[in-house]
Amino acid sequence: MGHPPSRQERQKRLKTRALPLVGVALVAFVLGAIKGCPGSPNRDAAESYVKAWQEGDYSTMHGLLSTKSQEAISLERFTERYELAEAEATLQSIESSDAEGDETNAEVPVTADTLAFGTITQPLEFTFGSDGIAWQNSLLFPGLELGEELTRTTRMPNRAKILADDGQVMVEGPAEAREYPLGDSMIDVTGVTGTPETEGGGPDLESLALGYEPGATTGISGLELAFNPRLTGTPGGTLFAKPIDGGTEGEGRELGSGEPAPARPLKTTIDPDLQNSAVANLGGVSGGVAVLDTRSGFVKALAGSAYSVLQPPGSTMKIVTATAALETGAATLESSYDYVTEAAADGRMIQNAHGEICGGTFTEAFAKSCNSVFAPLAEQIGPEQFTATAEKFGFNRPPQVWDPEALARVNPPTPTIPEADGYESDLGVSGIGQGRVQATPLLMASVAQAIANKGVSLPTPITREPELQPDSGPVRVTSQKIAATVADLMVAVVTSGTGPAAAISEGQVAGKTGTAEVGPSGEVDAEGNDILIEDAWFAGFAPSDKPKLAVAVMIIDASGDGGTVAAPIAGAVLSDGL
């Protein structure tokens with residue numbers, strides 16, 4: 001079954017019925033007509049009210065009320081009443097016909113399309129004050145009479161299964177008792193069901209609009225949340241109009257009814273073996289693992305906080321910096337650098353990890369992860385080009401995993417990098433993945449995917465259903481030649497640099513290690529210096545000659561650096577995947 005459109009979708013669709021400028025002019029005409037202009041002001045006002053409702057324009061609706069009515073019900077309360085009534089009725093869209101009426105009354109035939117109760121065609125009855133529409137409860141839904149309100153009984157269908165890419169069942173069963181035939185590692189992707197939390201303790205309007213009663217179990221994280229409407233299917237039940245001061249739930253005049261219908265299973269892009277590997281190799285520590293198909297961009301596995309936690313990416317950011325340096329000519333493969341322990345950038349001295357002496361060719365500087373090279377290099381690239389390149393890789397943009405409605409539902413954090421004029425003496429450290437650069441494993445896996453895919457960054461959908469995929473398309477980050485050069489630099493990291501622990505027998509791994517300082521631990525070493533909390537990172541792909549999988553690993557508050565802690569995890573996951 002198709003998933004019900006969100007309020008935003010419904011409003012967008014209904015806007016084709018009445019252009020905004022025409023609506024503004026019509027409202028102006030109506031307000032003038034009510035005050036004595038010739039024509040049919042009451043009918044016009046009633047029609048304008050319904051057209052504004054089709055647009056979801058509660059402000060215009062409220063503005064068409066009489067002065068006395070506007071004083072009696074605030075715009076905020078007015079909007080709340082309509083949103084609650086629409087959710088109760090599972091309203092999806094409305095259509096209307098021409099109004100009929102006289103000096104004191106008007107009637108607009110309205111057809112309401114609901115998710116659970118079918119199509120309801122009833123009149124909307126209007127009465128008028130001296131200078132506008134008189135507000136009354138019956139205007140909340142077609143067919144309501146004075147002194148009535150909506151109530152309903154609903155029956156929910158079985159919740160849809162979520163399938164892996166090969167068709168195996170990742171999760172199934174009713175919302176209250178979901179089961180995981182492939183094991184609990186699938187939960188890192190599917191998420192869980194539960195009772196949604198709402199601000200102020202009010203009803204969850206989206207769940208109510210899907211047919212759930214307040215407090216019912218529904219999707220609250222992962223795919224269960226992102227695609228909750230799709231997994232819910234079509235509810236059934238009966239919608240009633242009942243006296244406000246009498247009767248119980250489910251009693252009153254029947255306005256519409258429908259039968260529940262389950263949704264078909266949701267097929268994802270997840271590889272069960274890779275998902276099990278990612279979760280097992282992460283080992284329950286704080287952090288995340290993301291695995292992508294390099295050729296399609298599809299998400300193959302997500303473990304831990306793969307997209308939900310932002311951290312500085314450390315030296316994995318040097319993939320971006322190297323790309324920008326080669327693009328601008330700030331560096332070439334023929335460039336060479338002094339062997340030093342530190343270098344000036346951002347008006348201060350930037351040290352290499354552990355104070356090591358580092359330098360040599362551009363390839364050696366990348367393989368050994370020389371901060372003394374890449375921090376000054378970021379300054380040579382310049383803020384405009386550095387930010388532009390990072391944004392092509394996906395910084396300052398929400399993750400491209402879901403359709404816009406699911407993205408809004410999940411509301412993940414956005415990986416960030418300063419705008420060109422916002423570095424504030426942090427450009428150099430941004431080039432080594434520190435400062436105010438923030439990323440997720442999913443983004444850094446996408447960075448690796450772009451290099452593996454000959455310089456083209458792809459969206460990262462998690463479902464095979466086109467309507468549930470992100471709206472974005474491919475982005476050419478850099479030329480095929482520069483992408484190949486950066487890929488060679490990443491191979492050197494594993495063969496002769498900081499990442500040999502990522503090496504596997506199934507193929508050559510190309511990657512980049514990273515270690516990010518995130519703050520003091522509260523402890524000091526023997527010399528009285530602060531001991532810093534460090535995150536360990538690795539981003540890469542394999543096989544380097546014919547890339548199939550891209551991976552990124554982040555370990556928060558790690559026991560060692562990226563080459564020691566994150567690289568072995570990445571290698572193990574790639575090995576299992578290949």
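Predicted model: local features only at pLDDT ≥ 70, side-chain atom pairs only at ≥ 80, totals over all residues.
**Entry 1: Ile462 and the cores**

I started with Ile462, skipping its neighbours within four places in sequence, and found it in contact with Val189, Leu223, Phe227, Thr268, Thr269, Ile270, Val299, Leu302, Val401 and Trp402. Contact here means heavy atoms within 4.5 Å. Residues are numbered from 1 along each chain as its sequence is written, and side-chain values use heavy atoms, leaving out hydrogens and water.

Next I looked up the largest nonpolar core, which has 85 residues; Phe395 and Ile462 touch the most other members. Such a core is a set of buried Ala, Val, Leu, Ile, Met, Phe, Trp, Tyr and Cys residues joined through side-chain atoms within 4.5 Å. Buried means under 20% relative accessible area, with a 1.4 Å probe and protein chains only. Helix α18 (residues 441-452) gives the most to this core, with nine residues. Apart from it I found another core, of 38 residues, including Ile73 and Ala241.

**Entry 2: a sheet and its helix**

I then turned to an open sheet of three strands, ordered β5-β10-β11 with antiparallel pairing. Its edge strands are β5 (148-155) and β11 (253-258). Strands pair if DSSP finds at least two bridges between them; helices (H or I, at least four residues) and strands (E, at least two) are DSSP runs, numbered from the N terminus. Between β5 and β10 (residues 236-243) I noted eight bridges, and Glu148 stands opposite Pro243 in β10. Helix α6 (residues 75-88) packs on the sheet, touching β5 and β10, and its direction makes about 35° with that of β5. For such angles, axes are lines fitted to C-alpha atoms, for helices over the stretch in contact, and values run from 0 to 180 degrees between N-to-C directions.

**Entry 3: aromatic rings**

How many aromatic pairs does a search of the whole structure find? I noted eleven. Rings of Phe, Tyr and Trp (its six-membered ring) pair if their centres lie within 6.5 Å; planes under 30 degrees apart are stacked, over 60 edge-to-face and the rest tilted. Phe78 and Trp135 have ring centres 5.3 Å apart and planes at 65°, so they are edge-to-face. Phe78 sits in α6 and Trp135 in the loop between β4 (119-127) and β5, so this pair ties together parts 57 residues apart in sequence. Phe78 counts as buried, at 0% relative accessibility, and so does Trp135, at 18%. Both belong to one aromatic cluster, together with Tyr49, Trp53, Tyr58, Tyr82 and Phe126.

Technical notes:
Buried < 20%, exposed > 50% of the residue type's maximum accessible area, 1.4 Å probe, protein only.
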